[in-house]
Amino acid sequence: MTNRIKRLRVFLSDFWLRTFWQHPNRLMGLKVAVSVAVLLIPTVLLGYSRLGGTLVLGVLGGAIAETDDHPKGRIKSLALTITGFLLSSISVELLHPLPLAFAIGLFVSSFIFIIVGGISERYRGVTFGTLLVSIYTMIGFEPTFSWYFQPLSLAGGGLFYGVISLILLIRKPWRPLQEQLSVGYKHLAQYINVKSKLFPSDNQTQDLIRNQLAQKNIELVQAIKNTHRVLRSYASEIGKNDEDLGRYYRQWLTLQQLHERAASSHESYDLLSSQTDNIKLIEGLGQLLFEISQAIAHYSECLVTDKQYKHPISLQWTLAALSDMMELHKDDNQFVAISLLFKNLTEMEKILHKLEKPIRVSEVPSDYEPLTIRERLKTILNKDHPRFKYAVRLSITLLIGYGLLYFFQLEKGEWILLTSLFVSQQSFVSTRQRFVERVMGTLYGVILGLLLIQLLPTVAGNIILLLISYYLFFYYTKQKYGIAVIFMTIIVISLFNIQFNQGAEVMGSRMINTIIGSTLAYLSVRFILPDWQYRNLSQLLAQTISNNRSYFEAIYSDSVSIEKYTFVRQQAHQADTALTSAWQSIKVEPKGARLLKEQAFRLTYLNHTMLSYIAAFGAHHKNR
């Protein structure tokens, strides 16, 4: 019996690790689904389905408002979130009977929330969640209910989820940082895997793969930046002298060091492939890159499972075999370029090998001191700043949506505002993508939801459907928004069935209001302070050249510290991704705004190539 219990514990522990713990999106969905189940099932059984429905909306708002933080920071965020939920919900309840005052309050508060959200990721989550809860309060407003019912219920749901999440975080306080690092190494592995396909390659294949690498580089640089942000957040809460924080800081530096080597170029790869006497050398380099990508992917998994990284023997074998082959082909026409490339990959393998025994660093450098709130606000409060334009656009969009709701007395017209809030993004490209995903996701969600409630017509069936949909919504929301919208629509159907037995009846209104809200969001980004990227191209190019120069100078400067070098290198890559993103935006912006499209592509291609060559200098000089 004892052995059976032990085996069961081992099985459950292994199942937990494999199924949830090493998959952050699944873990997030599970936390939300469990919170919803604990709040909803008892209240429905006791006959308080309206209370249960409002509580779970609070859970949704609290989960969306959550940010990656140390437990101390998470407590502060939770306190701000619940305070914001209470104040915004109470304001809606009290101002709802006063349309003019409500409209003014909606415009002003939306503008302020978006501006404040630009200060930091913590404020971004809190302010967005607060706006969301204020619209939920509008949707659930009933004059017959006490004014404090919704504020307390929504805040209570958010608090319950926040406490559950906080308990898990306290048990594993480094989890958010591990997740961010894991994402960074995962994107690095994908980048290197794509690059391995360049060995061998022809001119046409090389252009295609370089475009893929440019996109992967955007994701990788963003992941490195996000990890830096979380490191700064932790440092601000526990100080820079924490030994564990120093270890994660070293892992972040290693990620950047590997990225520099992965991004470096030594020769045009189509020429390298065609002018090499023995193509097996090129194929061997490609295999070595692939093996390195697999090792990094394995390390990424180890970061979120707390397992010890084991350096792959297969990688060492491949390296040894390729080294022997190099010795036999020293007379190859491209041996100099190949030997430099091989040396670079050999150094990458050595760096990975050292990860088996991570070095502890006692202090995080001073660059983790954040800017003051005043300095950040001063930067944002500029008519040319993207965040300022976004705040103006969204505030006007929500005001127009409220006007349509009020003057035309649209059934469930509050969904117009809810849709506009989710669809409106800072850039035209992101808003346009959200427009399509929101409309199509709602349509598919209505069809699928109506079919499912026929199969699960009981209250118990609707609760099961609701819990599964909550889990899947948060599983997909950060990676495939269009699919997440499908499950959000099913959540709405289930909730209305549980509370009012009217899930199917309101779907027509939801579809119409979704189209209206999405259209308003699209028109606002199209016509209100449009931020067409061709206008920013010269400024982006100037910044890119300046950052590249600083990066190159830092490579050969003996007075530049590793922290300063890391900073300027990061700035160069961020400028490169900004230029690439601008080119990608120009391609899909309205026809009249597609000026300089070909020039933007050429500049992006040349800059990425130049940055790759600079990275090669850095790989062979600064990191030797």
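This is a predicted model: local features need pLDDT of at least 70, side-chain atom pairs count only at pLDDT 80 or more; totals for chains, interfaces and linings use all residues.
Residues are numbered from 1 along each chain as its sequence is written. Local features need pLDDT of at least 70 and side-chain atom pairs pLDDT 80 or more, while totals for chains, interfaces and linings use all residues, and side-chain values use heavy atoms, with hydrogens and water left out.

**Helix pairs**

Helices are DSSP runs (H or I, at least four residues) numbered from the N terminus. Two packed helices are described by the angle between their axes and the distance between the axes. Axes are lines fitted to C-alpha atoms over the stretch in contact, and angles run from 0 to 180 degrees between N-to-C directions.

| Pair | Angle | Axis distance |
|---|---|---|
| α12 (residues 279–305) and α13 (residues 313–328) | roughly 160° | within 10 Å |
| α12 and α14 | about 20° | 11 Å |

α12 and α13 are therefore roughly antiparallel, a term for angles over 145 degrees, whereas angles under 35 degrees count as roughly parallel. The crossing of α12 and α13 is left-handed (the near helix is turned anticlockwise from the far one by less than a right angle). Residues of α12 in contact (heavy atoms within 4.5 Å) with α13 include Lys280, Gly284, Gln287 and Glu291, and those of α13 include Ser314, Thr318, Leu322 and Met325. By class, this contact of α12 with α13 has 10 nonpolar, 4 polar and 2 charged residues (Ala, Val, Leu, Ile, Met, Phe, Trp, Tyr, Cys and Pro are nonpolar, Asp, Glu, Lys and Arg charged, and the others, Gly among them, polar).

α12 and α14 are therefore roughly parallel, and the crossing of these two helices is also left-handed. Their contact involves, among others, Leu281, Leu285, Leu288 and Ile292 of α12 with Ile338, Leu341, Leu345 and Met348 of α14. The contact of α12 with α14 has 14 nonpolar, no polar and no charged residues.

**Helix α14**

Helix α14 (residues 335–354) has 20 residues and reaches 28 Å between its end C-alpha atoms, close to the expected 28 Å (1.5 Å times one less than the number of residues). Its buried residues (under 20% relative accessible area, 1.4 Å probe, protein chains only) include Phe335, Phe342, Asn344, Thr346 and Glu349. Among the elements covering the buried residues of α14 are α8 (175–195), α10 (243–263), α12, α13 and α24 (597–621).

**Leu595**

Leu595 lies in the loop between α23 (562–588) and α24. At 42% relative accessibility, Leu595 counts as partly exposed (between the 20% limit for buried and the 50% limit for exposed). Leu595 touches Tyr534 and Ile586, not counting residues up to four places away in sequence.

Terms used: Angles under 35 degrees count as roughly parallel, over 145 as roughly antiparallel, 65 to 115 as roughly perpendicular and the rest as oblique.
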